[in-house]
Each structure stands twice: as C-alpha cells, then as structure tokens.
Amino acid sequence: MNDLRAFLAASWKEWRVLRRYPTLLIGMLFWPLLLPAVYVLQAQGFAGGDPRAMGAFAARTGTTQVAGFLYVGWSMYMWLSIVLWGLGTSLRTEQVRGSLEALFLTPASRLVILFGPVAAHIAVALWMFLVVGLALVFGFRLSLTPLSAVRALAVILLAVPALYGLGALFASAVLRFREANSLVQLVRGVFTLLCGMTFPIVVLPEWARTVAMTLPPTYIIADIRAVLLAGVRMTELVSDFMIVGGSGIVLCVLAVVAFRYVEGYARRGGMLAQY
Amino acid sequence: MAELRAAWAIALKDLRVLGRYPLQLTGVVWLPLYQFLLPSILLGSTFLVGERAVGLQSVTGTADMAGFLFVGALAASFVFGAFWGIAFPFKLEMDSGTLESGWLTPTRPETFVLGHTIASYLVSTAGGLLLLAVGAVLFGARYVAASAAAAPALVLSLVSLIGIAYLISAAVLLIKEANFFVDTTSFLFSVGSGVLFPIAVLPTALKVVALALPVTYALDLLRAGALGTHPLLPPLWEYLALAALAGISLPFGLWVFRRTEHRLRVRGTLGQH
C-alpha cells in the first residue's frame, strides 16, 4: 500500500514538473502535426501525380492513405522520443539536479524510482496521439470510425509495457554511462531506420528486416496502421500482441536487473551524485 | 583588423570546444543521415517504379532521388549551422555565465556573431561535403561538375543567413529559454527552402513564403547545376533575388541585433536566463 502511494506520488511529482514547462506541451502540438506533414509533402514530390508511383506505394504498403501511413509512423517516433527523453533520462536528470541520493535514501521501493514517472509520460503520449488523430480526421479527411480509434488505443495501451520497459532499461544505461544525448540519438536512430516509421519494412534489405522483426516498435507501428487504415480486427493481430506483450515482460525484467546492477555499481564507486 | 582577429579567436575557441566532444561532432553527419536522409530515401523507394523515381522526375526533371536529397542536405547543414552554431551559442554562454564577461571585453558584440559564423560555416562545409560524398559513394547520387558554377549562389545565401543569424541571436537574447524557438524556426526555415521536397508541391501561399527565403534560390540553382532539375525561375532572376535578400537581411539583422543588445544593457537583463 505504501509503495502504491509512493508510486502515485512519483507520478504526480513528474506531472507537476512537466506542467512547469509549457513549451513541452506546445511542442507536443507542433511536432506531431508538422513533422509528418513535411513527409506528406515529400511523398507528393515522390509520387509526382503519377498513378504508377502511387500504385507502387499502394502495392508496397497495402494502403493508398499516404498521410495516415506517415502520421502513424511519425507518432511512433514521437512516442519513442517521449520515452527516451522522458523516462529514459529521468534518473540522469535526478542525478544532475542532485536529488538522486535523496531518492535512494527514501524507504520507497526501487521500482518506484524506476517506473514512477511512467504515468505522467503516458499522459503526454496520449495527448500526442490525440493531436495526430484529430489532424488525420480534420486535416486529411481520414475516415476513422470510433471502433477503429478504440482499437488503436488498445494497441497503444498493449504496447505500454514494451515501450516503457525499454525506457527504464535505457534509463539504467544512461545512469551507468552518464551520457544522455548521444545514447538517445543512437537508439532512436536505430529504431527510426529499422522499424518502418516512414516506409514499409519490405523495402529494407533482408538482414535489416530480420533485425526489424525483433524490435517491438515494428509490430506496434504495423498494428496501429492495420487497425486504423485497413480496418483489421484485433483478433487477427493476436500473434503480434503476444510478441509485443512478451517483449514488454522481458524488457521490464531486464530493466529491473540492469537497474540493480547499476545501483550497486554506483554505490560501490560513490558515483550516485557524480555527473 | 583587431575585430577580425577577435572573430578568428572566437572561431578557434568554438572549434576547440567542439573538438572536445567528438561524438557531438559526428552528429553533423550522423544526425541528418538518420533523421532525414535515410527515412526520406526509404520513403522514396516506396514510390519507385522499376527502380526509377518516375514521380520525382515528372515534378523536378531528375530521377536522381539520392542526389536531390543529398544536395538538399548540403543546404540544410548551413541553415542548421546558422541557427544552432551562430545564434544558439549565446544561450550556452548565458547558461554558463560567461556572456557578460565576454561582452565586457573591448570586442564588439556583433563580432561574436562573426566569430561563431566562421566556426559554424567551417563545420557545416565539412559536414555538407561529407554528406555529398556519402550520397555519391553509398547511394549512387551523381552530381555534375557544372554545379560548381552555382557556388556564388551558395555564397550569397550564406551572407543572407548571417543576417538571419543576427535576428535569431537577438531573439535568443530576448527569449532566454530559446531551445524550442531555435529548434522550430531552423526546421521550418530548412523545410521551407525545399531541402526535403520540391517547392512545386507546396500550396500557393506557402510557395510565396518559400520564395522569400534565400536558401530556396541557392538550393534551386545548385540542384539545377548538379542534377539538371528545372529551376523555379530563370537563373538571372534567382541571382537577383539572392543579391537583394542578402542586401536586405544583413543590415536589417545587424540593426535588430544592435537594438536588442542596447535594450538589454539598459534593462540590465543581459546575463539573466
């Protein structure tokens, strides 16, 4: 019970910190709208109004909804950015602020320190998905039914353990190596290039496709596209959900193990307060 | 002469600081590659018909998708250099508390901008050329040597960019928390100049905005020379537009920067952040 209260307090604290930076929420309005819009324009340039080019796109992606395809992919990029910059750097941020030692001295479970900020960052991610959904409906006339929206939300919620397990694992790595920026760029770069954010993974070389199929975001993007753009039912995606759910469990366990290792390493070396 | 020596010293200082962070330096090539170029090439490959970019060819006159994008990346490296390398260092100086001590030296404040410009343009030139080489070696981009004839256009756009960097520097000094501002304006400026897509696909209102940006013309002339794309306007007109924009933006930017600096000194808020 005490841990639950500590968990809620950690989430509330994180939310209060996020609210202090309104540019973050403005950014969550600006980037999810504009970044994919640039690629929609680029796609128009690549299509050039040529029906053969559009046909090639439809054959490779399974949809003619270019805007929907790109907005879903880039919202995954934004979500990943929220996870890596938010949860992924949270321990490092506490370290830089000088509050990490104080946190470790509380009797709260270490899981609270590791996963406490998750709820606040999920709220930011849901806001971003809402912005994207409204842009698709009102800006690009995508016909989204309430049922497909609910299905997409379900896919997003099912993906939470995998994404935030990854974020927590990343947070331990950042704490260990005391470097956030380069690690975020590296990890986000790998996911951007392999998970099919702006393209279908069929255009990747075979080795890259094999790697892509081991990464949970590949399935999450494909499943959101499937339910939103192709009207696929949830039951048809059960195998994907099992992979994403299983990855979530593995990543969360790995994150806890890595966190314990990093904590021991930092305490032995007296590095908790160093940065 | 003393101001030029000071500008050179500031540039050397910037380069030495950059040299201390080699990982950050690799970002000059790695970041545009993974954030824009590779996703764009992979998106473009989704539209290929028989390995040819027929759609791009019908809009621009070239089917060399990699060439189109990598020449855009060269221009983008100067835009991001102007915004992040020239204007943003003032924010970093504010944060580290060295802005006021720097400005208390006999060096004129606008010389600091010039110093940052030299360092930033050197890094951008190296990064942009490396990206062009990556495009040619790994992605089969083919640039015609005639593109060198468009070098004056690039130089004129760089002069305009210094004027714009003065404006952005003034904004950074005023806003203080300028990360989001610099991030969004640099992004809008570069995509508005057509680094990622042909200007022809823009709606008319946005096309007008694009035609007010100097990099649009320089990039258009570079692509026309290197890849044989159809220029937006006759080249002479584009050169005239570039010269006019350089003639306006540099003195205007300098004037705004001096006014802002004076205002901050009067209010005593120069070093606040």
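Visitor: Which residue does A:R52 meet in a salt bridge?
Guide: Keep in mind that this is a predicted model, where local features need pLDDT of at least 70, side-chain atom pairs count only at pLDDT 80 or more, and totals for chains, interfaces and linings use all residues. A salt bridge here is a side-chain nitrogen of Lys or Arg within 4 Å of a carboxyl oxygen of Asp or Glu. The pair in question comes in at 3.0 Å, N to O, and the partner of A:R52 is A:D50.

Visitor: Is A:D50 buried or exposed?
Guide: The cut-offs are under 20% relative accessible area for buried, over 50% for exposed, and partly exposed in between (1.4 Å probe, protein chains only). A:D50 has a relative accessible area of 11%, so it is buried.

Visitor: What about A:E14 and A:K13, which of them is partly exposed?
Guide: Their side chains meet in a salt bridge at 3.5 Å, N to O. A:E14 counts as buried at 11% relative accessibility.

Visitor: Over in chain B, what is the N to O distance between B:E110 and B:R108?
Guide: B:E110 counts as buried at 11% relative accessibility, while B:R108 counts as partly exposed at 45%. Their side chains meet in a salt bridge, and the N to O distance is 3.6 Å.

Visitor: How many salt bridges does the structure hold over all chains?
Guide: Some of them are linked: A:R110, A:E263 and A:R267 sit in a network of salt bridges. Over all chains, the total is 9.

Visitor: And how many salt bridges are there between chain A and chain B?
Guide: The two chains do touch, with 39 residues from chain A and 35 residues from chain B in contact (heavy atoms within 4.5 Å). About 3,300 Å² is buried between them, with 74% of that from carbon and sulfur atoms. Buried area is the accessible area (1.4 Å probe) that two parts lose on being put together, summed over both. As for salt bridges between chain A and chain B, the count is 0.

Visitor: Which element gives the largest share of the side of chain A that touches chain B?
Guide: Helices are DSSP runs (H or I, at least four residues), numbered from the N terminus. Residues are numbered from 1 along each chain as its sequence is written. With 16 residues, the largest share comes from helix 2 of chain A.

Notes. Chains lettered and ligands numbered in written order. Heavy atoms only, no water. Helix = DSSP H or I, 4+ residues; strand = E, 2+ residues; numbered from the N terminus.
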